[in-house]
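Please consult the sequence and the structure while reading.

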Amino acid sequence: MHVSVQVARFNPDTDAEPRLEPWTVEVEDGARVLNVLDAIHSRDPTLAYRSSCRAGQCGSCAVRVNGEPVLACTEEARDGMVIEPLDLPVMKDLMVDLVSGISSIPRIHTCECGILPKQEEIERIKPLRDCIECLSCVSICPAMKVTDFLGPTSMRSQMRIALDPREPGNRIREALSQGLFTCTSCNRCWRVCPKDIETPGKAIEKLREIANREGLTLPRHLEVAELVRTTGRSVEPGKQIFLDLVDEVIEPYGEVKREVGFFSGCMFNARLPERAMDMLEVMRNAGIRVIIPKEQVCCGSPLIRTGQTSFLNELKEKNIRAFQDRGIQTVMTMCAGCGATLKHDYETPFEVKDVTEILTETGLPPLTKVPVTATYHDPCHLMNGQQITHQPREILEKAVERFVEMPAQCCGSGGGVRSGLPDEAAALGELRRAAINKTGADIVVTICPFCEYHIQEHSDRPVKNLMTVLVEALGKKPTTL
(Lines give C-alpha, C1' and ligand atoms only; values in the text may rest on other atoms or scores of the structure.)
Protein backbone atom coordinates (compact mmCIF):
# COMPACT_ATOMS: atom_id res chain seq x y z
CA MET A 1 0.00 0.00 0.00
CA HIS A 2 1.05 3.62 -0.54
CA VAL A 3 1.29 5.86 2.51
CA SER A 4 1.69 9.62 2.40
CA VAL A 5 3.22 11.15 5.53
CA GLN A 6 4.99 14.25 6.78
CA VAL A 7 8.23 13.80 8.68
CA ALA A 8 9.93 16.42 10.85
CA ARG A 9 13.44 17.36 9.75
CA PHE A 10 15.75 19.47 11.87
CA ASN A 11 19.48 19.79 12.36
CA PRO A 12 20.15 22.20 15.25
CA ASP A 13 23.64 22.89 13.86
CA THR A 14 22.37 24.21 10.53
CA ASP A 15 18.60 24.81 10.68
CA ALA A 16 16.85 27.77 12.26
CA GLU A 17 13.68 25.77 12.97
CA PRO A 18 12.11 22.37 12.20
CA ARG A 19 10.23 21.75 8.98
CA LEU A 20 7.82 19.05 7.84
CA GLU A 21 8.92 17.11 4.78
CA PRO A 22 6.27 15.26 2.70
CA TRP A 23 6.91 11.67 1.62
CA THR A 24 4.92 8.97 -0.15
CA VAL A 25 6.29 5.44 0.19
CA GLU A 26 5.13 1.92 -0.49
CA VAL A 27 4.88 -0.49 2.45
CA GLU A 28 3.10 -3.76 3.12
CA ASP A 29 -0.36 -3.92 4.63
CA GLY A 30 -0.15 -3.77 8.43
CA ALA A 31 3.15 -1.87 8.29
CA ARG A 32 4.31 0.02 11.35
CA VAL A 33 5.55 3.59 11.57
CA LEU A 34 9.08 2.25 11.74
CA ASN A 35 8.60 0.48 8.40
CA VAL A 36 7.60 3.82 6.88
CA LEU A 37 10.73 5.47 8.29
CA ASP A 38 12.84 2.62 6.92
CA ALA A 39 11.29 3.10 3.50
CA ILE A 40 12.06 6.83 3.59
CA HIS A 41 15.59 6.13 4.83
CA SER A 42 16.23 3.81 1.88
CA ARG A 43 15.67 6.82 -0.38
CA ASP A 44 17.19 9.45 1.90
CA PRO A 45 19.90 7.99 4.17
CA THR A 46 20.29 11.36 5.96
CA LEU A 47 17.02 10.87 7.88
CA ALA A 48 17.96 10.36 11.52
CA TYR A 49 15.85 8.16 13.80
CA ARG A 50 16.42 5.37 16.33
CA SER A 51 15.47 1.72 16.35
CA SER A 52 16.91 -1.33 18.04
CA CYS A 53 14.81 -4.27 19.22
CA ARG A 54 11.88 -3.60 16.85
CA ALA A 55 9.67 -5.47 19.31
CA GLY A 56 8.43 -2.76 21.68
CA GLN A 57 10.93 -3.62 24.38
CA CYS A 58 13.84 -1.16 24.13
CA GLY A 59 11.95 2.15 23.88
CA SER A 60 14.53 3.72 21.56
CA CYS A 61 12.15 4.35 18.63
CA ALA A 62 9.62 6.54 20.49
CA VAL A 63 8.31 9.41 18.36
CA ARG A 64 5.16 11.53 18.15
CA VAL A 65 2.52 10.54 15.60
CA ASN A 66 -0.14 13.21 15.10
CA GLY A 67 1.04 14.75 18.36
CA GLU A 68 0.86 11.59 20.49
CA PRO A 69 3.95 9.72 21.78
CA VAL A 70 4.12 6.15 20.41
CA LEU A 71 6.68 3.45 19.73
CA ALA A 72 7.39 3.52 16.00
CA CYS A 73 7.88 -0.24 15.95
CA THR A 74 4.42 -1.04 17.35
CA GLU A 75 2.22 1.82 16.07
CA GLU A 76 0.37 0.92 12.87
CA ALA A 77 1.12 3.18 9.92
CA ARG A 78 -1.74 5.31 8.63
CA ASP A 79 -2.05 7.53 5.60
CA GLY A 80 -1.70 11.22 6.42
CA MET A 81 0.45 10.76 9.53
CA VAL A 82 2.63 13.54 10.86
CA ILE A 83 5.75 12.04 12.44
CA GLU A 84 7.72 14.25 14.81
CA PRO A 85 10.28 13.76 17.58
CA LEU A 86 9.27 13.58 21.23
CA ASP A 87 9.04 16.98 22.91
CA LEU A 88 12.62 16.72 24.18
CA PRO A 89 15.88 18.35 23.03
CA VAL A 90 16.38 17.30 19.39
CA MET A 91 19.75 15.98 18.28
CA LYS A 92 18.68 15.57 14.65
CA ASP A 93 15.35 14.94 12.91
CA LEU A 94 13.54 12.32 15.03
CA MET A 95 16.43 11.64 17.38
CA VAL A 96 16.16 13.28 20.81
CA ASP A 97 18.51 13.43 23.76
CA LEU A 98 17.64 10.43 25.95
CA VAL A 99 20.86 10.27 27.92
CA SER A 100 20.18 13.17 30.28
CA GLY A 101 16.71 11.88 31.12
CA ILE A 102 17.71 8.26 31.59
CA SER A 103 20.79 9.12 33.64
CA SER A 104 18.64 11.06 36.13
CA ILE A 105 16.39 8.06 36.90
CA PRO A 106 17.04 6.93 40.50
CA ARG A 107 18.69 3.55 40.94
CA ILE A 108 18.61 1.20 43.90
CA HIS A 109 21.47 1.53 46.38
CA THR A 110 23.78 -1.40 46.86
CA CYS A 111 23.04 -3.63 49.83
CA GLU A 112 24.80 -6.68 51.23
CA CYS A 113 21.93 -7.50 53.57
CA GLY A 114 21.10 -10.83 51.93
CA ILE A 115 17.36 -10.05 51.98
CA LEU A 116 15.18 -11.22 49.10
CA PRO A 117 11.73 -9.81 48.28
CA LYS A 118 8.76 -11.87 49.45
CA GLN A 119 6.13 -12.94 46.96
CA GLU A 120 3.67 -10.25 48.07
CA GLU A 121 6.40 -7.61 47.68
CA ILE A 122 7.17 -8.89 44.21
CA GLU A 123 3.49 -8.61 43.28
CA ARG A 124 3.43 -4.98 44.44
CA ILE A 125 6.57 -4.21 42.44
CA LYS A 126 5.38 -5.85 39.21
CA PRO A 127 3.16 -2.99 37.94
CA LEU A 128 6.13 -0.61 38.21
CA ARG A 129 9.01 -2.62 36.80
CA ASP A 130 8.06 -2.84 33.12
CA CYS A 131 9.37 0.65 32.21
CA ILE A 132 11.48 0.60 29.02
CA GLU A 133 12.78 4.15 29.60
CA CYS A 134 11.44 5.51 26.30
CA LEU A 135 10.78 8.86 28.06
CA SER A 136 7.40 9.28 26.37
CA CYS A 137 5.95 10.22 29.76
CA VAL A 138 8.71 12.75 30.39
CA SER A 139 8.07 14.39 27.02
CA ILE A 140 4.44 15.21 27.83
CA CYS A 141 4.57 15.93 31.58
CA PRO A 142 3.05 19.39 32.21
CA ALA A 143 4.77 19.87 35.58
CA MET A 144 8.17 19.43 33.96
CA LYS A 145 7.44 22.33 31.62
CA VAL A 146 7.20 24.84 34.48
CA THR A 147 9.13 23.32 37.43
CA ASP A 148 12.29 21.36 38.22
CA PHE A 149 10.24 18.18 38.66
CA LEU A 150 12.39 15.16 37.85
CA GLY A 151 9.43 13.53 36.16
CA PRO A 152 7.11 10.50 36.16
CA THR A 153 9.81 7.98 35.19
CA SER A 154 11.84 8.97 38.22
CA MET A 155 8.85 8.83 40.56
CA ARG A 156 7.98 5.38 39.24
CA SER A 157 11.54 4.28 39.94
CA GLN A 158 11.47 5.75 43.46
CA MET A 159 8.32 3.82 44.35
CA ARG A 160 9.61 0.62 42.81
CA ILE A 161 12.76 0.95 44.94
CA ALA A 162 10.79 1.93 48.06
CA LEU A 163 8.91 -1.38 47.78
CA ASP A 164 12.13 -3.40 47.55
CA PRO A 165 13.39 -4.71 50.94
CA ARG A 166 16.95 -4.72 49.58
CA GLU A 167 16.94 -0.90 49.49
CA PRO A 168 18.72 0.30 52.68
CA GLY A 169 17.73 3.97 52.44
CA ASN A 170 14.57 6.04 52.82
CA ARG A 171 13.51 7.26 49.38
CA ILE A 172 10.78 9.67 50.43
CA ARG A 173 12.89 12.72 51.22
CA GLU A 174 14.79 12.21 47.98
CA ALA A 175 11.47 11.99 46.09
CA LEU A 176 10.34 15.18 47.81
CA SER A 177 13.48 16.99 46.68
CA GLN A 178 12.77 15.78 43.15
CA GLY A 179 9.26 17.29 43.09
CA LEU A 180 6.91 14.63 44.47
CA PHE A 181 4.13 17.15 45.14
CA THR A 182 4.47 18.95 41.80
CA CYS A 183 2.64 16.20 39.88
CA THR A 184 -0.83 17.44 38.85
CA SER A 185 -2.27 13.90 38.63
CA CYS A 186 -3.19 14.61 35.01
CA ASN A 187 -2.47 10.95 34.08
CA ARG A 188 -1.04 11.82 30.67
CA CYS A 189 2.06 9.77 31.52
CA TRP A 190 -0.15 6.73 32.09
CA ARG A 191 -2.09 7.13 28.86
CA VAL A 192 0.99 7.49 26.62
CA CYS A 193 3.00 4.75 28.36
CA PRO A 194 3.54 1.84 25.94
CA LYS A 195 3.63 -0.50 28.95
CA ASP A 196 0.47 0.94 30.55
CA ILE A 197 2.22 1.86 33.80
CA GLU A 198 -0.17 3.85 35.98
CA THR A 199 2.50 6.08 37.48
CA PRO A 200 0.25 8.64 39.26
CA GLY A 201 -1.94 6.06 40.99
CA LYS A 202 0.54 3.26 41.53
CA ALA A 203 3.65 5.34 42.33
CA ILE A 204 3.20 9.05 43.01
CA GLU A 205 0.09 8.78 45.17
CA LYS A 206 1.63 5.85 47.07
CA LEU A 207 4.81 7.84 47.70
CA ARG A 208 2.63 10.68 48.99
CA GLU A 209 0.96 8.21 51.37
CA ILE A 210 4.36 7.31 52.79
CA ALA A 211 5.23 11.01 53.04
CA ASN A 212 1.99 11.55 54.96
CA ARG A 213 2.83 8.81 57.45
CA GLU A 214 6.20 10.48 57.99
CA GLY A 215 4.64 13.89 58.60
CA LEU A 216 5.77 15.39 55.29
CA THR A 217 2.41 16.32 53.73
CA LEU A 218 2.15 19.95 52.55
CA PRO A 219 0.43 22.20 55.14
CA ARG A 220 -2.37 23.30 52.80
CA HIS A 221 -3.15 19.66 51.98
CA LEU A 222 -3.45 18.91 55.69
CA GLU A 223 -6.00 21.71 55.98
CA VAL A 224 -8.09 20.26 53.15
CA ALA A 225 -8.04 16.80 54.75
CA GLU A 226 -9.17 18.24 58.08
CA LEU A 227 -12.01 20.04 56.32
CA VAL A 228 -13.14 16.78 54.73
CA ARG A 229 -12.87 14.95 58.07
CA THR A 230 -14.94 17.52 59.96
CA THR A 231 -17.49 18.60 57.33
CA GLY A 232 -17.54 15.84 54.70
CA ARG A 233 -16.56 18.40 52.06
CA SER A 234 -13.22 19.54 50.64
CA VAL A 235 -14.18 23.19 50.09
CA GLU A 236 -15.73 25.84 52.32
CA PRO A 237 -19.41 26.48 51.49
CA GLY A 238 -20.48 29.55 49.55
CA LYS A 239 -23.70 31.52 49.94
CA GLN A 240 -25.92 28.67 48.76
CA ILE A 241 -25.56 24.89 48.82
CA PHE A 242 -26.84 22.84 45.91
CA LEU A 243 -28.10 19.94 48.04
CA ASP A 244 -30.14 22.41 50.11
CA LEU A 245 -31.73 23.97 47.02
CA VAL A 246 -33.16 20.89 45.32
CA ASP A 247 -35.61 18.09 46.01
CA GLU A 248 -34.33 14.55 46.14
CA VAL A 249 -36.11 13.59 42.92
CA ILE A 250 -36.19 15.87 39.87
CA GLU A 251 -38.72 14.73 37.28
CA PRO A 252 -38.36 15.50 33.56
CA TYR A 253 -40.88 17.73 31.78
CA GLY A 254 -42.24 14.87 29.68
CA GLU A 255 -41.76 11.13 29.28
CA VAL A 256 -39.14 9.49 31.51
CA LYS A 257 -36.53 8.01 29.19
CA ARG A 258 -33.95 7.21 31.83
CA GLU A 259 -33.23 7.43 35.56
CA VAL A 260 -29.89 8.33 37.12
CA GLY A 261 -28.53 9.23 40.53
CA PHE A 262 -26.47 12.41 40.67
CA PHE A 263 -23.19 12.60 42.55
CA SER A 264 -22.78 16.34 43.00
CA GLY A 265 -19.19 16.60 44.22
CA CYS A 266 -17.87 19.34 46.51
CA MET A 267 -17.33 22.16 44.02
CA PHE A 268 -20.75 22.04 42.37
CA ASN A 269 -22.38 21.59 45.75
CA ALA A 270 -20.67 24.46 47.55
CA ARG A 271 -19.05 26.84 45.06
CA LEU A 272 -20.81 26.51 41.70
CA PRO A 273 -24.34 25.28 42.47
CA GLU A 274 -25.74 27.21 39.52
CA ARG A 275 -23.87 24.91 37.13
CA ALA A 276 -25.53 21.88 38.68
CA MET A 277 -28.90 23.66 38.40
CA ASP A 278 -28.20 24.20 34.70
CA MET A 279 -27.52 20.48 34.37
CA LEU A 280 -30.88 19.66 35.96
CA GLU A 281 -32.62 21.90 33.42
CA VAL A 282 -30.91 20.02 30.61
CA MET A 283 -31.88 16.66 32.14
CA ARG A 284 -35.51 17.69 32.52
CA ASN A 285 -35.63 18.66 28.84
CA ALA A 286 -33.86 15.43 27.83
CA GLY A 287 -36.37 13.19 29.63
CA ILE A 288 -34.05 12.04 32.41
CA ARG A 289 -35.21 11.61 36.00
CA VAL A 290 -32.47 12.63 38.46
CA ILE A 291 -32.29 11.30 42.03
CA ILE A 292 -30.06 13.29 44.40
CA PRO A 293 -29.26 11.57 47.73
CA LYS A 294 -28.67 14.21 50.37
CA GLU A 295 -26.32 12.03 52.50
CA GLN A 296 -23.54 11.98 49.90
CA VAL A 297 -20.17 13.44 50.89
CA CYS A 298 -16.78 14.17 49.28
CA CYS A 299 -15.67 11.34 47.02
CA GLY A 300 -12.20 11.44 48.60
CA SER A 301 -10.29 12.45 45.49
CA PRO A 302 -8.40 15.31 47.23
CA LEU A 303 -7.29 12.84 49.89
CA ILE A 304 -6.20 10.14 47.45
CA ARG A 305 -4.23 12.57 45.26
CA THR A 306 -2.35 13.95 48.28
CA GLY A 307 -1.73 10.65 50.04
CA GLN A 308 -4.09 11.19 53.01
CA THR A 309 -6.15 8.02 53.00
CA SER A 310 -6.59 7.16 56.68
CA PHE A 311 -10.37 7.77 56.69
CA LEU A 312 -11.05 7.29 52.97
CA ASN A 313 -13.05 4.10 53.50
CA GLU A 314 -15.58 5.96 55.64
CA LEU A 315 -16.31 8.34 52.75
CA LYS A 316 -16.61 5.46 50.30
CA GLU A 317 -19.06 3.58 52.50
CA LYS A 318 -21.27 6.64 52.99
CA ASN A 319 -21.40 7.40 49.28
CA ILE A 320 -22.02 3.85 48.14
CA ARG A 321 -24.77 3.38 50.73
CA ALA A 322 -26.46 6.67 49.77
CA PHE A 323 -27.06 5.44 46.21
CA GLN A 324 -27.37 1.71 46.86
CA ASP A 325 -30.12 2.14 49.44
CA ARG A 326 -32.26 3.86 46.79
CA GLY A 327 -31.75 1.09 44.26
CA ILE A 328 -29.96 3.42 41.85
CA GLN A 329 -28.35 1.52 38.97
CA THR A 330 -26.50 4.37 37.28
CA VAL A 331 -24.70 7.19 39.09
CA MET A 332 -23.99 10.27 37.00
CA THR A 333 -21.08 12.60 37.73
CA MET A 334 -20.53 16.10 36.41
CA CYS A 335 -17.10 16.65 37.99
CA ALA A 336 -14.31 14.91 36.10
CA GLY A 337 -12.33 14.22 39.28
CA CYS A 338 -15.31 12.69 41.06
CA GLY A 339 -16.08 10.53 38.04
CA ALA A 340 -12.55 9.21 37.74
CA THR A 341 -12.44 8.50 41.48
CA LEU A 342 -15.74 6.63 41.56
CA LYS A 343 -14.74 4.61 38.49
CA HIS A 344 -11.19 3.71 39.51
CA ASP A 345 -10.85 4.05 43.28
CA TYR A 346 -14.22 2.61 44.34
CA GLU A 347 -15.79 -0.81 43.98
CA THR A 348 -19.41 0.13 43.37
CA PRO A 349 -22.54 -2.01 42.95
CA PHE A 350 -23.72 0.51 40.33
CA GLU A 351 -22.29 1.83 37.09
CA VAL A 352 -20.77 5.31 37.01
CA LYS A 353 -21.07 7.55 33.96
CA ASP A 354 -20.13 11.12 33.16
CA VAL A 355 -22.94 13.53 32.29
CA THR A 356 -21.68 13.69 28.70
CA GLU A 357 -21.93 9.91 28.41
CA ILE A 358 -25.51 10.02 29.70
CA LEU A 359 -26.54 12.75 27.26
CA THR A 360 -24.95 11.20 24.18
CA GLU A 361 -26.47 7.81 25.00
CA THR A 362 -29.96 9.16 25.79
CA GLY A 363 -30.07 11.96 23.24
CA LEU A 364 -30.12 15.75 23.46
CA PRO A 365 -33.31 17.79 23.50
CA PRO A 366 -33.91 20.15 20.52
CA LEU A 367 -31.28 22.89 20.48
CA THR A 368 -30.74 26.19 18.70
CA LYS A 369 -27.07 26.88 18.16
CA VAL A 370 -25.66 29.71 20.26
CA PRO A 371 -24.03 32.30 17.92
CA VAL A 372 -20.49 32.05 19.31
CA THR A 373 -17.15 30.48 18.43
CA ALA A 374 -16.20 28.09 21.21
CA THR A 375 -13.12 26.07 22.04
CA TYR A 376 -13.02 23.14 24.45
CA HIS A 377 -10.65 22.43 27.32
CA ASP A 378 -10.24 18.72 28.10
CA PRO A 379 -10.29 18.14 31.86
CA CYS A 380 -7.46 15.75 32.64
CA HIS A 381 -9.59 13.49 34.84
CA LEU A 382 -12.09 13.20 31.97
CA MET A 383 -9.72 12.79 29.03
CA ASN A 384 -7.01 10.72 30.72
CA GLY A 385 -8.81 9.49 33.82
CA GLN A 386 -11.95 8.32 32.00
CA GLN A 387 -10.83 8.44 28.35
CA ILE A 388 -13.80 10.61 27.43
CA THR A 389 -13.04 13.05 24.64
CA HIS A 390 -15.52 12.78 21.79
CA GLN A 391 -18.77 13.02 23.81
CA PRO A 392 -18.23 16.61 25.04
CA ARG A 393 -17.19 17.69 21.54
CA GLU A 394 -20.19 15.99 19.96
CA ILE A 395 -22.48 17.85 22.35
CA LEU A 396 -20.71 21.19 22.01
CA GLU A 397 -20.73 21.11 18.21
CA LYS A 398 -24.53 20.78 18.34
CA ALA A 399 -24.84 23.69 20.77
CA VAL A 400 -22.67 26.42 19.22
CA GLU A 401 -22.37 27.98 15.81
CA ARG A 402 -18.64 27.29 15.45
CA PHE A 403 -16.27 24.98 17.30
CA VAL A 404 -12.47 25.26 17.13
CA GLU A 405 -10.01 22.74 18.56
CA MET A 406 -7.33 23.49 21.11
CA PRO A 407 -4.43 21.18 22.02
CA ALA A 408 -5.10 19.31 25.24
CA GLN A 409 -2.94 20.36 28.18
CA CYS A 410 -3.32 20.27 31.96
CA CYS A 411 -4.46 23.65 33.31
CA GLY A 412 -2.64 23.12 36.63
CA SER A 413 -5.59 22.84 39.02
CA GLY A 414 -5.33 19.13 39.85
CA GLY A 415 -3.33 16.84 42.10
CA GLY A 416 -3.36 19.31 44.99
CA VAL A 417 -1.09 21.66 43.01
CA ARG A 418 -3.50 24.61 42.99
CA SER A 419 -3.81 24.53 46.78
CA GLY A 420 -0.30 23.36 47.68
CA LEU A 421 1.90 24.94 45.00
CA PRO A 422 -0.03 27.92 43.59
CA ASP A 423 2.93 29.31 41.62
CA GLU A 424 3.16 26.12 39.58
CA ALA A 425 -0.60 26.10 39.04
CA ALA A 426 -0.48 29.71 37.87
CA ALA A 427 2.36 28.97 35.43
CA LEU A 428 0.34 26.16 33.84
CA GLY A 429 -2.71 28.41 33.81
CA GLU A 430 -0.77 30.97 31.80
CA LEU A 431 0.11 28.29 29.23
CA ARG A 432 -3.61 27.71 28.87
CA ARG A 433 -4.15 31.44 28.37
CA ALA A 434 -1.70 31.41 25.45
CA ALA A 435 -3.33 28.35 23.87
CA ILE A 436 -6.82 29.84 24.23
CA ASN A 437 -5.77 33.11 22.64
CA LYS A 438 -4.37 31.24 19.63
CA THR A 439 -7.77 29.72 18.88
CA GLY A 440 -9.51 33.08 18.48
CA ALA A 441 -12.56 31.63 20.25
CA ASP A 442 -15.16 33.83 21.92
CA ILE A 443 -15.61 31.45 24.86
CA VAL A 444 -13.86 28.50 26.50
CA VAL A 445 -16.05 25.53 27.40
CA THR A 446 -15.17 22.78 29.86
CA ILE A 447 -16.99 20.30 32.08
CA CYS A 448 -14.84 20.36 35.24
CA PRO A 449 -15.46 22.85 38.06
CA PHE A 450 -11.80 22.99 39.07
CA CYS A 451 -10.71 23.64 35.47
CA GLU A 452 -13.44 26.26 35.06
CA TYR A 453 -12.43 28.06 38.23
CA HIS A 454 -8.71 27.96 37.48
CA ILE A 455 -8.79 28.79 33.78
CA GLN A 456 -11.08 31.76 34.37
CA GLU A 457 -8.32 33.26 36.51
CA HIS A 458 -5.94 32.90 33.55
CA SER A 459 -8.14 33.70 30.58
CA ASP A 460 -9.29 36.87 28.88
CA ARG A 461 -12.31 35.00 27.50
CA PRO A 462 -15.39 33.80 29.42
CA VAL A 463 -15.11 30.21 30.65
CA LYS A 464 -18.42 28.32 30.64
CA ASN A 465 -19.57 24.92 31.75
CA LEU A 466 -20.93 22.78 28.94
CA MET A 467 -24.26 22.50 30.77
CA THR A 468 -24.60 26.28 30.85
CA VAL A 469 -24.02 26.42 27.09
CA LEU A 470 -26.71 23.77 26.62
CA VAL A 471 -29.18 25.82 28.66
CA GLU A 472 -28.49 28.77 26.35
CA ALA A 473 -28.99 26.48 23.34
CA LEU A 474 -32.36 25.51 24.82
CA GLY A 475 -33.29 29.17 24.55
CA LYS A 476 -33.31 29.70 28.30
CA LYS A 477 -31.30 31.85 30.67
CA PRO A 478 -28.59 30.14 32.72
CA THR A 479 -29.21 29.82 36.44
CA THR A 480 -28.11 32.70 38.64
CA LEU A 481 -28.05 32.34 42.39
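The sections below treat the basis of the report, the ring pairs and the charges over rings.

## Basis of the report

The model is predicted, so local features need pLDDT of at least 70 and side-chain atom pairs count only at pLDDT 80 or more, while totals for chains, interfaces and linings use all residues. Residues are numbered from 1 along each chain as its sequence is written, and side-chain values use heavy atoms, with hydrogens and water left out.

## Aromatic pairs

Rings of Phe, Tyr and Trp (its six-membered ring) pair if their centres lie within 6.5 Å; planes under 30 degrees apart count as stacked, over 60 as edge-to-face and the rest as tilted. By this rule there are three aromatic pairs. One of them joins F242 and F262 edge-to-face, at 5.8 Å centre to centre with 90° between the planes. F242 belongs to helix α11 (residues 242-245) and F262 to strand β9 (residues 258-263), so this pair ties together parts 20 residues apart in sequence. Helices (H or I, at least four residues) and strands (E, at least two) are DSSP runs, numbered from the N terminus. F242 and F262 are both buried, meaning under 20% relative accessible area, with exposed over 50% and partly exposed in between (1.4 Å probe, protein chains only).

The ring centres of F263 and F323 lie 6.2 Å apart and their planes meet at 40°, so this pair is tilted. It links distant parts of the chain, 60 residues apart: F263 is in strand β9 and F323 in helix α15 (residues 312-324). F263 and F323 are both buried. Together with F350, they form one aromatic cluster.

## Charges over rings

A charge sits over a ring if NZ of Lys or CZ of Arg is within 6 Å of the ring centre and within 35 degrees of the ring normal. The charged end of R191 is placed over the ring of W190, 3.9 Å from its centre. K316 lies over the face of Y346, 5.6 Å from the ring centre.
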